Amino acid sequence: MNRIREIRENKKLSLKKTTELLKSNDLLTLTPDALAKYERGDRQPNEATWQALANFFNVSVDYLKGYGYSKEHIYKLLDTMYKEDWMDETIFSAGLADKFLKDHVNNSLMTNFFAKSSIEIYCENHGIRIPNK
């Protein structure tokens, strides 16, 4: 099942209000009945309609279709990865810091760089804008 109804209800929007907002934002013109049919799966939106709905709800088309994660979830993961300390503190508390630093600091820094680069490439390829803050 798609997530149209779930997201709409989480935003406390009626079918009518949702269709009014879609129209007033120049995203999509459809009736509350048509939207209800999309929610129930009685009809399938075309790709342009999926994209307009995804833009309106601020989620990806895949998420709206029932796959993947919301943009908010992805942003949270990105934020966590950018802030994560890539060095394991348990190694330092076990008295293995010298060996760890000698053997693994360069690898850790490279992993951090690779992870950030991979995230940026993924976001660019999937149309996800990374927040500035």
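The model is predicted, so local features need pLDDT of at least 70 and side-chain atom pairs count only at pLDDT 80 or more, while totals for chains, interfaces and linings use all residues. Residues are numbered from 1 along each chain as its sequence is written, and side-chain values use heavy atoms, with hydrogens and water left out.

Start with the largest nonpolar core. A nonpolar core is a set of buried Ala, Val, Leu, Ile, Met, Phe, Trp, Tyr and Cys residues joined through side-chain atoms within 4.5 Å. Buried means under 20% relative accessible area, exposed means over 50%, and partly exposed lies in between (1.4 Å probe, protein chains only). This core has 19 residues. Ile4, Leu30, Leu53, Phe57, Val59 and Leu64 touch the most other members. Two or more residues each come from α1 (4–10), α3 (32–40), α4 (47–57) and α5 (61–64). Helices here are DSSP runs (H or I, at least four residues), and strands are runs of E (at least two), numbered from the N terminus. Helix α4 gives the largest share, six residues. Another core lies apart from this one, with five residues, among them Ile74, Leu78, Cys123 and Ile128.

Now take α2 and α4. Their axes are 11 Å apart and meet at an angle of about 100 degrees. Axes are lines fitted to C-alpha atoms, for helices over the stretch in contact, and angles run from 0 to 180 degrees between N-to-C directions. The two helices are therefore roughly perpendicular. Angles of 65 to 115 degrees count as roughly perpendicular, under 35 as roughly parallel, over 145 as roughly antiparallel, and the rest as oblique. On the α2 side, Thr18, Leu21 and Leu22 meet Ala52, Leu53, Phe56 and Phe57 of α4. Contact means heavy atoms within 4.5 Å.

Leu22 counts as buried because its relative accessibility is 0%. Beyond its neighbours within four places in sequence, Leu22 contacts Leu27, Leu28, Leu30, Ala52, Leu53 and Phe56. Leu22 and Leu53 are 31 residues apart along the chain, yet their C-alpha atoms are separated by 8.0 Å.

Helix α3 comes next. Its buried residues are Ala34, Leu35, Ala36, Tyr38 and Glu39. The buried residues of α3 pack against α1, α2 (15–24) and α4. Gly41 follows α3 and has a positive phi, near 85 degrees. Pro45 sits in the loop between α3 and α4. At 7% relative accessibility, Pro45 is buried. Leaving aside neighbours within four places in sequence, Pro45 contacts Tyr38 and Trp50.

Last, the salt bridges. A salt bridge is a side-chain nitrogen of Lys or Arg within 4 Å of a carboxyl oxygen of Asp or Glu. There are six. Lys37 pairs with Asp33, their closest N and O atoms 3.4 Å apart. Both lie in α3, four residues apart, about one turn of the helix. Lys65 pairs with Glu47 at 3.0 Å between the closest N and O atoms. This pair links distant parts of the chain, with Lys65 in the loop between α5 and α6 (71–83) and Glu47 in α4, 18 residues apart. Lys65 is partly exposed at 24% relative accessibility, whereas Glu47 is exposed at 51%. Salt bridges with shared partners join Arg5, Arg8, Glu9 and Glu39 into one network. Within it, Arg8 bridges to Glu9, the closest N and O atoms being 3.9 Å apart. Arg8 is buried at 6% relative accessible area, and Glu9 is partly exposed at 43%.
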